[in-house]
Amino acid sequence: AKTLRAALDALAAAAMIIEPDGKVRYCNRAGQTEFARGTVLREHHGKVVPVAAEAGRFLAMLRSSNQRHASRGLDATLEDGTGRSLHVTWAVLDKVE
């Protein structure tokens, strides 16, 4: 876990670890900036909340995804109302004890 967090901290891009229920488990500095900007996604009471319509559809798809999607992951480019885009990748992370 420390190695993964160190790698995510080193990224210039926003990186977040989100539970299936939307709980934010980890967020690097760029991710915190993205949440603070609040034009695509934001954090509210420890959970990720969609701001842009595309973000809402993407999160709804993740919540309803089946095992076929879970094994491959998903990618999307989400745009806010100004045309600014955020690339989002979703993948299952195995818990290592």
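1. Start with N28. Setting aside residues up to four places away in sequence, N28 touches L8, D9, L11, A13, A14 and A15; contact here means heavy atoms within 4.5 Å. This is a predicted model: local features need pLDDT of at least 70, side-chain atom pairs count only at pLDDT 80 or more, and totals for chains, interfaces and linings use all residues. Residues are numbered from 1 along each chain as its sequence is written, and side-chain values use heavy atoms, with hydrogens and water left out.

2. Where does N28 lie? N28 sits in the loop between β2 (24-27) and α2 (29-37). Helices (H or I, at least four residues) and strands (E, at least two) are DSSP runs, numbered from the N terminus. N28 counts as buried because its relative accessibility is 0%. The cut-offs are these: buried is under 20% relative accessible area, exposed is over 50%, and partly exposed is in between (1.4 Å probe, protein chains only). The N28 side chain reaches the backbone oxygen of L8 at 2.9 Å.

3. Next, helix α2. Which residues of α2 are buried? They are G31, E34 and F35. These residues cover an arc of only 100 degrees around the axis, so they lie on the same side of α2. The arc is taken from the directions from the helix axis to the C-beta atoms. R29 and A36, on the other side of α2, are exposed. The cover over the buried residues of α2 includes β1 (16-18), β2, β3 (41-44), β4 (47-50) and β6. After α2 comes G38, with a positive phi near 65 degrees.

4. Now the core. The largest nonpolar core has 16 residues. A nonpolar core is a set of buried Ala, Val, Leu, Ile, Met, Phe, Trp, Tyr and Cys residues joined through side-chain atoms within 4.5 Å. The residues with the most contacts inside this core are F35, V40, L41, V48, A55, F58 and L78. At least two core residues come from each of β2, α3 (53-63), β5 and β6. α3 gives the largest share, four residues. In soluble globular proteins, nonpolar side chains tend to be buried together.

5. Leaving out residues up to four places away in sequence, F58 touches L74, D75, A76, L78, V88 and W90.

6. Then the salt bridges. How many does a search of the whole structure find? The search finds three. A salt bridge is a side-chain nitrogen of Lys or Arg within 4 Å of a carboxyl oxygen of Asp or Glu. One of them joins the side chains of R25 and E19 (3.4 Å, N to O). R25 is partly exposed, with a relative accessible area of 46%. E19 is partly exposed too, at 32% relative accessibility.

7. E34 forms a salt bridge with R37, and their closest N and O atoms are 3.1 Å apart. Why are E34 and R37 separated by about one helical turn? They are three residues apart in helix α2. An α-helix has 3.6 residues a turn, so residues three or four places apart point the same way. E34 counts as buried, at 4% relative accessibility. R37 counts as partly exposed, at 40%.

8. R84 also meets E34. Their side chains form a salt bridge (2.6 Å, N to O). This pair links distant parts of the chain: R84 is in the loop between β5 and β6, E34 is in helix α2, and they are 50 residues apart. R84 is partly exposed, with a relative accessible area of 26%. Together, E34, R37 and R84 are linked in a network of salt bridges.

9. Compare D80. D80 lies in the loop between β5 (74-79) and β6 (85-90). D80 is buried yet has no salt bridge. The nearest side chain of opposite charge, R84, is 4.1 Å away; Lys and Arg count as positive and Asp and Glu as negative, while His and the chain ends are not counted. What does the side chain of D80 make a polar contact with? The partner is the side chain of T39 (3.0 Å). A polar contact is a pair of N or O atoms within 3.5 Å; within protein, one must be able to donate a hydrogen and the other to accept it, and residues adjacent in sequence count only if both atoms are side-chain atoms. Beyond its neighbours within four places in sequence, D80 is in contact with T39, V40 and A52.

10. Last, check H45. Phi of H45 is positive, near 55 degrees, in a residue other than glycine. Most residues other than glycine have a negative phi. H45 lies in the loop between β3 and β4. H45 is exposed, with a relative accessible area of 72%.
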